[in-house]
Amino acid sequence: MTSKREVRILLVGDPGVGKTSLILSLVSEEFPDEVPAKAEEITIPADVTPERVPTHIVDYSSQEQDEDILQEEMAKSNVICIIYSVDDEDSIERITSFWLPYIRTHLGEEHKVPVILVGNKCDLMDFSTEEIMRPIMNDFAEVETCVECSARTLKNISELFYYAQKAVLHPTAAVYNSEEKELTLQCKKALTRIFKICDLDNDSILNDGEVHQFQLKCFHAPLHSQSLEDVKAIVKRNISDGVANNGLSLKGFLFLHTLFIQRGRHETTWTVLRTFGYDDNLQLTKEYLSPKIHVGLGCTTELSLQGLHFLKLLFQKYDEDNDGYLSPPELQNLFSTCPMMPWGPDVNNTVCTNHNGWISLHGYLAQWELTTLLDVPRTIEYLAYLGYQYLNDSQLSAITVTRDKKIDLDKKQTSRNVFRCHVMGAKGVGKTSLLQGHLNRNLRYVATLNKEHLSSFTINTVQVYGQEKYLLLHEVDVAVSDMLNPTEMNCDVACLVYDVTNPRTFEFCARMYLKHFLDSRIPTLVVACKTEHPAIRQDYHLSPAQFCHKYKLPPPQSFTCIDKVNKEVYIKLATMAAYPNLKRLVHMLLVQQNPLWLQEKIRSGAQHVRDIISRDDKIYLKIGLLAAALAGVGFIVYRMSSSSSSSR
Ligand code: GTP
Ligand code: MG
């Protein structure tokens with residue numbers, strides 16, 4: 001995996017140093033006695049180059065071409081070879097007095113195009129110009145390497161072009177600071193992320209098994225156990241804490257890469273970096289972070305089993321004390337391979353935590369489901385940072401795109417696991433308490449929370465006919481105009497909340513229902529909050545119960561959370577979201593611990609139940625589970641007239 005798909009090499013230098021001869025020697029493998037001023041551009045096909053990339057070689061001759069062309073060619077090139085003649089002092093002097101400054105002037109002082117200094121005609125001299133080149137390499141960071149060769153004897157000709165190719169494909173500057181003789185900060189950061197991802201048991205050591213897996217992933221070949229022992233021995237000899245518990249420490253890992261680069265084996269380090277998504281500037285590529293995902297209209301996104309499995313393993317990896325919760329340092333650690341913490345303090349009030357506010361595994365997975373539903377590109381991006389691709393293929397396998405909701409409605413069944421409920425109500429009716437109650441938090445607890453860190457979302461699982469489903473509650477702030485935008489209407493169930501102690505709160509629910517939900521296919525539940533208090537008559541021409549009856553809504557669901565949270569409301573909302581077709585089953589008394597056979601019956605009977613209803617709209621069904629019936633018969637279907645049910 002390389003980021004460049006071709007390499008363009010430009011040869012420059014004073015007249016007569018042998019540029020054209022070098023190119024022709026490479027191509028014909030013999031020294032041409034007579035050469036034109038300029039060789040035609042040649043292209044070496046990918047399969048005959050060592051790095052398997054098509055390579056263009058471009059000549060320049062001041063005899064034939066003017067500076068405009070030179071500048072144009074410089075701008076197009078990926079690597080520039082400055083040719084000098086080892087027997088010509090002037091041509092050597094001109095490297096620093098003309099060519100290097102000239103390139104900087106036209107490509108920018110901090111340009112990233114590597115330069116190779118090439119001493120041609122070494123057949124004419126006995127001594128090397130290496131000593132003269134070394135200070136130039138120190139002064140000009142863009143100089144990648146220098147090489148001496150001869151077009152006449154063909155010495156080092158193919159090496160020269162190989163170095164040029166390598167300079168492009170495995171640039172040194174990004175990974176190694178030649179002056180300090182150490183890895184660049186960026187490179188250390190990238191390798192540290194890689195180390196953490198590969199340290200599967202999170203013990204800060206890459207043991208033999210982990211190195212083996214790493215090797216397979218990056219190089220598609222196992223490392224022989226003897227080679228591994230040799231590597232460890234080298235590291236051990238050079239830095240004392242590079243090897244611990246017979247495995248590689250982070251220090252040892254970084255040292256190894258420094259060694260690779262110092263020995264000219266940049267490609268080893270680059271192969272590792274590229275396997276983990278880095279480009280030439282050590283930024284993670286867009287393809288790595290954000291593979292395209294298609295989510296059609298009416299579809300939603302959830303975590304697949306594979307995605308959930310990865311995230312669960314990650315939780316377990318970083319829950320160092322195994323207490324089932326992530327303490328703040330553990331959470332910090334979990335996200336240490338990411339550019340920043342994706343979760344702020346409001347997450348603690350969005351999902352279930354322990355009394356310290358630490359997120360449980362359950363809450364952690366719920367938060368990921370929330371992100372995946374609301375902002376799937378973010379989930380995909382963070383999975384990349386977290387190293388999903390190390391153990392799996394593309395992050396797309398972590399995501400399930402559900403089918404269009406219209407199909408679910410038509411087929412009267414859904415395979416979705418995450419449902420969205422929008423909660424609306426007038427000011428102060430108890431929406432936040434309803435949201436927090438979803439996390440099993442009573443009013444007393446909610447009162448202790450920092451108001452700034454409250455969230456307009458909460459998510460938790462709910463049993464729907466014995467199946468675990470996620471219910472996401474979203475408190476929607478309704479504009480003064482009562483308008484809801486399409487996103488605010490985009491939910492599986494609507495929850496309209498009023499306060500039984502405030503007579504001016506039900507009117508809002510009625511208004512919202514009539515304006516937005518009456519003609520929609522969105523099931524709606526009216527919730528009466530604060531029912532530990534007696535209900536006051538609402539200022540509306542219909543009582544809440546009459547209103548619900550008139551519009552065939554389930555009767556108002558009472559809710560209180562002062563001490564113990566009344567959880568029935570969440571089950572009802574989730575059930576209505578999952579089975580919107582059953583919305584006329586206004587009196588379904590859902591009981592959480594349905595015996596299995598009953599769940600099955602309800603599932604398979606859903607169609608049948610619908611039939612009964614469509615035959616007589618006035619029939620209300622009541623599916624109840626009597627406590628005594630647990631021992632024997634399971635559920636009873638009551639047929640009642642609508643009037644008798646609404647008076648309840
Ligand atoms: P311009 O196109 O004018 O910029 O020159 P150039 O850099 O292309 O040089 P060219 O290849 O034309 O070579 C100039 C002279 O040097 C020719 O006479 C070549 O035969 C000779 N020459 C090139 N390479 C070598 C070499 O490796 N050894 C020796 N001894 N002579 C060489
Ligand atoms: Mg020439």
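Begin by selecting the shell around ligand 1, whose residues divide into seven nonpolar, eight polar and four charged; here Ala, Val, Leu, Ile, Met, Phe, Trp, Tyr, Cys and Pro count as nonpolar, Asp, Glu, Lys and Arg as charged, and the others, Gly among them, as polar. The model is predicted, so that local features need pLDDT of at least 70 and side-chain atom pairs count only at pLDDT 80 or more, while totals for chains, interfaces and linings use all residues. Residues are numbered from 1 along each chain as its sequence is written, ligands are numbered from 1 in the order in which they are written, and side-chain values use heavy atoms, without hydrogens and water.

The ligand is surrounded by 19 residues, the closest being K19, T20, S21, Q63 and A151, where near means a heavy atom within 4 Å. Colour helix α1 (residues 19-28) next, since with three residues α1 gives the most to this shell; helices are DSSP runs of H or I with at least four residues, strands runs of E with at least two.

Now show the polar contacts, pairs of N or O atoms within 3.5 Å. A backbone N or O atom of A37 lies 2.8 Å from an oxygen atom of ligand 1, and a side-chain N or O atom of K121 is 3.1 Å from a ligand oxygen.

Finally, move to R416, in the loop between α17 (405-411) and β16 (418-425). R416 counts as buried because its relative accessibility is 3%, buried meaning under 20% with a 1.4 Å probe and protein chains only. Beyond neighbours within four places in sequence, R416 is in contact (heavy atoms within 4.5 Å) with residues including E302, D404, D408 and D492.

Notes: A polar contact is a pair of N or O atoms within 3.5 Å; within protein, one must be able to donate a hydrogen and the other to accept it, and residues adjacent in sequence count only if both atoms are side-chain atoms. Buried means under 20% relative accessible area, exposed over 50%, partly exposed in between (1.4 Å probe, protein chains only).
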